Structure formats: C-alpha cells, structure tokens
Amino acid sequence: MQKTSAAKADTKKAAPAKEPIPAEAAIAEKVKQLGGNVTFDPQGYVAAIIFTTGQLKDQDVASFVGLQKISRIRLYGPGISDAVVDHLVKMPTLVDIETE
C-alpha cells in the first residue's frame, strides 16, 4: 500500500477585486478626508463606511447618498443627530446602521 502526502492544493485563485467605480471612489475619498474608513466589495462598490471619530456632521452624510451598494454604515460623534435619518433613508441597500 502506497502512502500519499497532503492533498493537492486547489489551483483556482479568487478573482482579483476590480478597481473602485470612479463615482464611488470620489465619495470614498471624501469619507477618508472626514476621518472615516471605507471597505469596497469585489465589484468596486463601497460596501461599508465606518466612522469612529467625532468630526462627522449630518450634512456630511448627504454626500454619501450616491453610493449604489453600501450595506453597512457606522456614524459617530456629537455632530450626528436624528436628522441624519433623512439621508440614510435615501440609501435603500443599507442593512446595518449604527449611530452613536
């Protein structure tokens, strides 16, 4: 009986992520300027925006409305009020919203 070594490694590689969609990249740059972090999905769309600093204001969130596939957003700071909901409802793909 012949012994075999470890199973052959899977030779398929995951497809590389696409470059960010230009309109999404422009909004992502604004997010970064405001101190936020951005995650892109494999198709190049913004998937998540996370803020952990307090410089964000309600009106800043208005500039995120054009994001086509964002599913998660975390907003933090004294500049965020109940009025931010007016902007968030314009992002129908959001499924995970957190504010502090």
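What percentage of the 100 residues of the chain count as buried? The share is 32%. The model behind this number is predicted.

**The whole chain**

The chain holds three helices and four strands. Read from the N terminus, they come in the order α-β-β-α-β-α-β. Now take contacts between residues at least 6 apart in sequence: 42% of them join residues at least 24 apart.

**Helix α1**

Helix α1 covers residues 22-33, twelve residues in total. At 1.5 Å a residue, α1 should span 16 Å; its end C-alpha atoms lie 17 Å apart, so the two values agree.

Which residues of α1 are buried? They are Glu24, Ile27, Ala28 and Val31. These four cover an arc of only 105° around the axis, which means they sit on the same side of α1.

The face turned away from the buried side carries exposed residues: Pro22, Ala26 and Gln33.

| Element | Residues |
|---|---|
| α1 | 22-33 |

**After the helix**

Gly35 follows α1. The phi of Gly35 is positive, near 95°.

How values were computed:
Residues are numbered from 1 along each chain as its sequence is written. This is a predicted model: local features need pLDDT of at least 70, side-chain atom pairs count only at pLDDT 80 or more; totals for chains, interfaces and linings use all residues. Side-chain values use heavy atoms; hydrogens and water are left out. Helices (H or I, at least four residues) and strands (E, at least two) are DSSP runs, numbered from the N terminus. Buried means under 20% relative accessible area, exposed over 50%, partly exposed in between (1.4 Å probe, protein chains only). Contact means heavy atoms within 4.5 Å. The expected span of a helix is 1.5 Å times one less than its number of residues. The arc is that of the directions from the helix axis to the C-beta atoms.
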